[in-house]
2 protein chains.
Amino acid sequence: MAPANPNAENSRFHEPAAAPQGGPASPGGMSRLRVAVPSVATRVATELRLQIAEGALLPGTKLKEEALSEELGVSRNTVREAFAELASERLVVRQPNRGVFVASLGVNDIHDVYTVRRAIEVSAVRGGGSPESIASVRAAVEEGKRAAAAGDSEGLGSANQHFHGALVAMASSERLNTIMSQVLAEMRLFFHKASVDGGFYQDYLEENEKICKALEAGDTELAAERLLSYLDRSEEHQTAVHTS
Amino acid sequence: MAPANPNAENSRFHEPAAAPQGGPASPGGMSRLRVAVPSVATRVATELRLQIAEGALLPGTKLKEEALSEELGVSRNTVREAFAELASERLVVRQPNRGVFVASLGVNDIHDVYTVRRAIEVSAVRGGGSPESIASVRAAVEEGKRAAAAGDSEGLGSANQHFHGALVAMASSERLNTIMSQVLAEMRLFFHKASVDGGFYQDYLEENEKICKALEAGDTELAAERLLSYLDRSEEHQTAVHTS
DNA sequence: ATTGCTGAATCGTTGAACGTTTCCCAAGTC
DNA sequence: GACTTGGGAAACGTTCAACGATTCAGCAAT
């Protein structure tokens, strides 16, 4: 029965979130829009995912369920469900009877992730895409240019992820998209350590431009070829950074 | 009510279950061997996965958590965790406040699944593989031949899945393998409806042989080409079967 | 230094409870 | 008769409290 919940510093997970989007009901054509409020477990998962992505939770960190449940103001079981979600995305690893830890990737994992990327991205590019999907690839390229001009290395990395996400979106495959977003989430895990090497960024920015141009010209094979070589170089770069 | 569970075998999930535990991921690059007994939730998940795979639970069937918890002798929370696992594999879908249902795929899903397969399998084949990995591809081909000779259409389908699993195993990528096994699990969802067309099976059996031969000859490009055309035809076949 | 034990900290799982959402069906209205 | 309205029952989402099991760290004994 709703105890006072003293330390309600983080009770944002319980609010009914009854934000009446759209305010007054529009008369007439009321579409059956799903107002699906994500379950509490899902919200906890997204919160954790975010913290992991922005480096607030470093790889290897142990996540104690009781501590988290208290801190977030949810029950231990709910935290547990959130963990299950994150574990399925490989963002955390479960060690039986020991706890869950933020995943920390080794060089072999890096290679593995790039193997997946080569498979998915190249395939999507080879298949070509609709003009709109190519347009959003272009958008990501421009986003990168702006970030570079502004010297925003954070936004540069973000733009790059958008670029590659847009590439697989060309295939307009629900499953391929979710796989790719998980892979990108995994990459953020070791991006934090990758010191932003300006030279490399400049390099891939040009490469993205070339790939995009090839796509706009309809030469998917050339685009795929360039993408592949980029991925190889990128893997090499990441591997080098993480071998010490 | 669709297929009430025929076998009321109330299997106890608390007994031993000396099943091997693959790899306890390596948060440190170290692979310490663990004799971990799969958690109860995991065992429940595998049980349900199995029943779905063999058609005991048909697509669309509602899985009530209380009923299952009682039937399997575990708590509702545990069943819930198992559901989370299966949901992450797309074998069941969760409808908020309504329950979980065995996933039922539509034609669009079929296309989507094949899109993933084209990406992953072709990429793996293009990359080539070690002699041992090619040997297990050969093994799957022979397995298919034996099943065909014995008129075992069940085993034939199984062998075909082994074949394609072996193809992506060539890339020796942990992530690619798990993705593939999930995709294959999804395919079993609509394989039950696919009336076993003997002619088609004979067809793909020969195709597998050709692909395998190309691999053994080291001509990965030819193998990839044939695989791609097979996947296209297979998708066409499945789509045809499921449009009625 | 190694071995073995004990205790605290956590995890895994259970069982029960309560609020909410959905769904079904009967009653009521136009 | 078709449509809406209003219970209620059924099932889900979430919480809470508890107990056994496992792990780990520290300390005593060999």
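Visitor: Let's start with A:D112. Does A:D112 count as buried or exposed?

Guide: Two quick notes first: this is a predicted model, where local features need pLDDT of at least 70, side-chain atom pairs count only at pLDDT 80 or more, and totals for chains, interfaces and linings use all residues. Residues are numbered from 1 along each chain as its sequence is written, chains are lettered from A and ligands numbered from 1 in the order in which they are written, and side-chain values use heavy atoms, with hydrogens and water left out. Now the cut-offs: buried means under 20% relative accessible area, exposed over 50%, and partly exposed in between, with a 1.4 Å probe and protein chains only. At 8% relative accessibility, A:D112 counts as buried.

Visitor: With which residue does the side chain of A:D112 meet in a salt bridge?

Guide: A salt bridge is a side-chain nitrogen of Lys or Arg within 4 Å of a carboxyl oxygen of Asp or Glu. For A:D112, the N to O distance is 3.2 Å, and the partner is B:R175. A:D112 lies in helix 4 of chain A and B:R175 in helix 7 of chain B, so the pair joins two chains.

Visitor: Which residue of chain A forms a salt bridge with B:R175 at 3.3 Å?

Guide: Let's look along the interface of chain A and chain B, where the rule finds ten salt bridges. The closest N and O atoms of this pair are 3.3 Å apart, and the partner of B:R175 is A:D109.

Visitor: Why does the pair of B:E174 and A:R90 join two chains?

Guide: The side chains of B:E174 and A:R90 meet in a salt bridge at 3.1 Å, N to O. B:E174 lies in helix 7 (residues 174–191) of chain B, and A:R90 in the loop between helix 3 and strand 2 of chain A, so the pair joins two chains.

Visitor: How many residues does helix 4 give to the side of chain A that touches chain B?

Guide: The contact takes 31 residues from chain A and 31 residues from chain B. Between the two chains there are 14 residue pairs in polar contact, meaning N or O atoms within 3.5 Å, one able to donate a hydrogen and the other to accept it, with residues adjacent in sequence counting only if both atoms are side-chain atoms. On the side of chain A that touches chain B, the elements giving two or more residues are helix 3 (76–88), strand 2 (92–95), helix 4 (107–126) and helix 7 (174–191). Helix 4 gives the most, and its share is nine residues.

Visitor: How many Å² do chain A and chain B bury between them?

Guide: The size of an interface is often given as the accessible area lost when the parts come together. Here that area (1.4 Å probe) is summed over both parts. Carbon and sulfur atoms hold 48% of the buried area, and the total is about 2600 Å².

Visitor: Which residues touch the most other members of the largest nonpolar core?

Guide: A nonpolar core is a set of buried Ala, Val, Leu, Ile, Met, Phe, Trp, Tyr and Cys residues joined through side-chain atoms within 4.5 Å. The largest one has 76 residues, and those touching the most other members are A:L215 and B:L215.

Visitor: By about how many helical turns are A:E142 and A:R138 separated?

Guide: A:E142 and A:R138 form a salt bridge, with the closest N and O atoms 2.9 Å apart. Both belong to a network of salt bridges that also links A:K145, A:E209, A:K213 and A:E216. A:E142 is partly exposed at 28%, whereas A:R138, at 17%, counts as buried. Because they are four residues apart in helix 5 (residues 131–149) of chain A, the separation is about one helical turn.

Definitions and conventions:
Contact means heavy atoms within 4.5 Å. Buried area is the accessible area (1.4 Å probe) that two parts lose on being put together, summed over both.
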